[in-house]
Amino acid sequence: MPSAAAIRDQIESVLAMRIPAALSALPRSAPELLPTGIAQVDTMLGGGVPLGGVTEIIGPECSGRSTLVLSVLAGITGQGAAAAYVDVSDALDPFSAAAMGVDLGRLLWVRAGGSEFVEPVTQKNNAATERSPDPRLRPLHKSRRHSTAKAVWDRLDQGLRATDLLLNTGGFRAIVIDMGDVGPEQVRRVPLASWYRFRLQAEKSQAILLLVTQAACASSCASVVLRCLEADERWQYANEASIGWPLLTGFRYQIGADRKRGSALESFHPCKKKPVSAAEASWNSTTLWTR
């Protein structure tokens, strides 16, 4: 009885004219990496974030998400390439981006939903309304809460449509979709099929798709998930005697990589499930007035 290898070779020889190496695993090489501009993060990732993949940057406010994104954009635009920033919550500060070295002339800023402001309904206001003796306030409160959620979802939907259009158009080295001010309950409403389609489009155009969110949402469609922790402030007194008001000199950021599917550190095997690895790093930033 012929062995399995002999049977495979026989089938491949018969199908060689139509399907070359029909039963052989295709070799897969590691993707090209793009440096983030932060040495500690690049060392942790083995060189940077992968081209043609989805990278999630998650964490709370003041955790270094924007600093990391602007550092990546500064490197891309500094090399003469174009980038796009889909701003779901209208949170990008062009002056801070320029101070980080981003060439605004090569950055397409898409402001989803305009700059209209919808007053959020806090838990405190919610409890006060529920205890109100006037029943006419309760429908008003529910209507306001519904309109707020709808406005957030409308902006998110516009941002996703704009991202889809930019990925299909091509010509951008990196596309950022900033959903940092959108609650996780809204972001998780996005179908997984949308992230899968974005991943295929990014792979085809060899662009970096950066998702800035509070919590992970792309699941297995993300090549790298970077988890940012709340930053630590660094203060310094103007004199050695520690007299007077302290001066804010910078921040210390901490970041961890929860998943690295497609980094240069990963060894590829066609028949094995891609491993999940974790690593941590930290870096410091200084304020503009201390440089």
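Mentor: Residues are numbered from 1 along each chain as its sequence is written, and side-chain values use heavy atoms, with hydrogens and water left out.

The protein has eight helices and 11 strands, taken as DSSP runs numbered from the N terminus (helices: H or I, at least four residues; strands: E, at least two). Of its 291 residues, 38% are buried, where buried means under 20% relative accessible area, exposed over 50%, and partly exposed in between, with a 1.4 Å probe and protein chains only.

Now to the part you asked about. A nonpolar core is a set of buried Ala, Val, Leu, Ile, Met, Phe, Trp, Tyr and Cys residues joined through side-chain atoms within 4.5 Å. The largest one here has 35 residues, and Val41, Met44, Leu45, Leu73, Leu226 and Ile255 have the most contacts inside it. Among the elements that give two or more residues to this core are helix 2 (39–45), helix 3 (65–78), strand 8 (224–228) and strand 10 (247–260), and helix 3 gives the most, with seven residues. If we follow Leu73 and set aside residues up to four places away in sequence, Leu73 touches Ala83, Tyr85, Val102, Leu107, Ala174 and Val176, a contact being heavy atoms within 4.5 Å. A second, separate core of 28 residues includes Val54, Ile58, Val88 and Leu156. Leu156 is also one of the residues in contact with Gln186, as are Ala149, Val152 and Trp153, leaving aside neighbours of Gln186 within four places in sequence. Gln186 lies in helix 7 (residues 184–187) and counts as buried because its relative accessibility is 10%.

A word of care belongs with this picture, since pLDDT is the predictor's confidence in each residue, from 0 to 100. The mean pLDDT of the protein is 80, and 74% of its residues reach 70 or more. Over residues 115–143, however, pLDDT stays under 50, and over residues 262–276 the pLDDT is also below 50. Where pLDDT is low, the predicted coordinates should not be read in detail.
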